Amino acid sequence: MIQILSSEHREVRGVLFDMDGVVIDTEKLYTRFWMEAAADLGHPMTLTQALQMRSLGSIESQAKLDSFFGSGVLEYDVLRNRRIELMEAFIAEHGIEEKKGIRELLACLKEKGIPCAITSSSSIPLIRRHLGDLGLLDGFTALCSGKDVPRGKPAPDIYLHGAATLGIAPEDCLAIEDSPAGIEAAWRAGCMAVIVPDQDQPDGEVLSRSFARADSLLDVMELL
């Protein structure tokens, strides 16, 4: 089901995709392994706290950890390295899965001639590896990483970068997200932000910044 939340529906000329939790079903792994890594380092993290780490850049992540545990108590780089170690071991054994509807949506975009880009906080090598493993890499016109812009989500930089890479005005792009930080970034960039809930349901603030709410990527095709 698709729920239109704004009357400002413009022609969609480009689509910008967050990756984790939108294109591939890895956000649940991030949540799990943020918690396990924090516990390993002696600072147990709750599920609610782990969900707040979604899509954030390194500076924003450190600020979030400081708010959880106190300033300087847990270093983001140390926690991140442990999370990567645990998560990579899991993926090496079990692999990753794609999100429902991604192949159908990419096929629809190709048929309509609408370009699309990944706009993820992950690095380009990681984006290429995950999409390549699933055979999805060729479905995207461009790959854009939050590592290549000054500020991470919830700043709008990655979505401005993605739209510029496609050569399309941000306001003419759908931006598909699953997290509050991602929706804020897309909204601040001026995109038509679409929330596709993954691990939890959007609150009123997220919905107020969203152009539409979709149950799955299959529903997003109704906006094209």
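Colleague: What makes β2 and β5 a pair of strands?
Modeller: Two strands pair if DSSP finds at least two bridges between them. Four bridges join β2 (residues 14-17) to β5, and the two run parallel, so by that criterion they pair. Strands here are DSSP E runs of at least two residues, helices H or I runs of at least four, numbered from the N terminus. The model is predicted: local features need pLDDT of at least 70, side-chain atom pairs count only at pLDDT 80 or more, and totals for chains, interfaces and linings use all residues. Residues are numbered from 1 along each chain as its sequence is written, and side-chain values use heavy atoms, with hydrogens and water left out.

Colleague: Why is β5 called largely enclosed?
Modeller: Buried means under 20% relative accessible area (1.4 Å probe, protein chains only), exposed over 50%, partly exposed in between. Five of the five residues of β5 (residues 173-177) are buried, so the rest of the structure largely encloses the strand. C173, A175 and E177 point one way, L174 and I176 the other.

Colleague: What makes the unit of β5, α8 and β6 right-handed?
Modeller: With the strands pointing away from the viewer, the path from the first strand over the helix to the second must run clockwise. The β-α-β unit of β5, helix α8 (residues 180-189) and β6 is right-handed, so its path runs clockwise in that view.
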